[in-house]
Amino acid sequence: MTTTPTSGPLRGLVRSAFSIHRIRRPLKVHLQCQRHPNSTPSTIPIQNVRPFSSLPRRSGSSPSNPPLTVDRGPASQEDTQTDFSVMDVLGNTPPPTTAIDACLSDGFHLDNGLKIGDGSGCLLVGGEAFAWRPWEAASPPNQRPKTGKMVNAKGQWEVDAVAWGVLEVVWPKPDLLILGLGPTTMPISPETRRYINGLGIRVDVQDTRNAAAQFNLLATERGTEAVAAALVPMGWREPRR
């Protein structure tokens, strides 16, 4: 078979295509290194090896030192300084006498010196304080037995309606009831919420420590007639039976 020589433009096109094809083919190079018999292996001293670090080098060779003193100098005598005590709108308002001073594991200490112990909770309504043991509340006989528990089978906080007897007779009724459920918080049952709301009272559920702090603030701001609190002691534990 004989081939004819290719013309000039066509020959250049074929040559360029062949070159591209040759460039795209992978190039395999096998290198074989042999050590000269008279050469000796060289070692680099470890102390001369510079460690690699990707962090920028500091301008100084020594690290920065902490300040020797925290003194900021003499107090400023400028008249434009802000007096934050003037901005406290409740600074001159005395707290209510039923404000909670301390939450104990078995009771409470109030601002008026009253101490509630023996593991009882407290019910604060209308500026009055009552010892409150809702886990012992029970309906009349043959309706609901006294179990000493406040958590139902669904993990919801639920007490009998007789535990809210004071809220039924007080007038005017508070606008808000702050519930403190002990060391932790949990949802209350729909029946309990529905009963309290039926008295025209809103419910806010928290743990006892935060509920006491919120009662102190809201009772000082709005008055004890508008805010009530029902607090379970911090040491309350649900009986296992």
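This is a predicted model: local features need pLDDT of at least 70, side-chain atom pairs count only at pLDDT 80 or more; totals for chains, interfaces and linings use all residues.
How far is the sulfur of Cys122 from the closest cysteine sulfur, and in which residue does that sulfur lie? The distance is 7.8 Å, to Cys103, which is too far for a bond. A disulfide requires two cysteine sulfur atoms within 2.5 Å, and by this rule the count is zero.

Residues are numbered from 1 along each chain as its sequence is written, and side-chain values use heavy atoms, with hydrogens and water left out.

Stop 1: Select Cys103 and Cys122. Cys122 is buried, with a relative accessible area of 0%; Cys103, at 19%, also counts as buried. Buried means under 20% relative accessible area, exposed over 50%, and partly exposed in between (1.4 Å probe, protein chains only).

Stop 2: Next select residues 100-103 (β1) and 115-116 (β3), together with 108-110 (β2). Helices (H or I, at least four residues) and strands (E, at least two) are DSSP runs numbered from the N terminus, and two strands pair if DSSP finds at least two bridges between them. The three strands follow the order β1-β2-β3, with antiparallel pairing. β1 and β3 each have a single partner strand, so one side of each is left without a neighbour in the sheet. Three bridges link β1 to β2, and Cys103 stands opposite Phe108 in β2.

**Stop 3: strand β8.** Select residues 227-231. Five of the five residues of β8 are buried, so the strand is largely enclosed by the rest of the structure. Val227, Ala229 and Leu231 point one way, and Ala228 and Ala230 the other. β4 runs antiparallel to β8 and is joined to it by three bridges; Cys122 has Leu231 as its bridge partner in β8. β6 runs parallel to β8, with five bridges, and Leu179 is partnered by Ala230.

**Stop 4: the nonpolar cores.** A nonpolar core is a set of buried Ala, Val, Leu, Ile, Met, Phe, Trp, Tyr and Cys residues joined through side-chain atoms within 4.5 Å. In the largest, of 22 residues, select Trp132, Trp157, Trp164, Leu177 and Leu179, which touch the most other members. A second, separate core of 19 residues includes Leu124, Leu218, Ala219 and Leu231.
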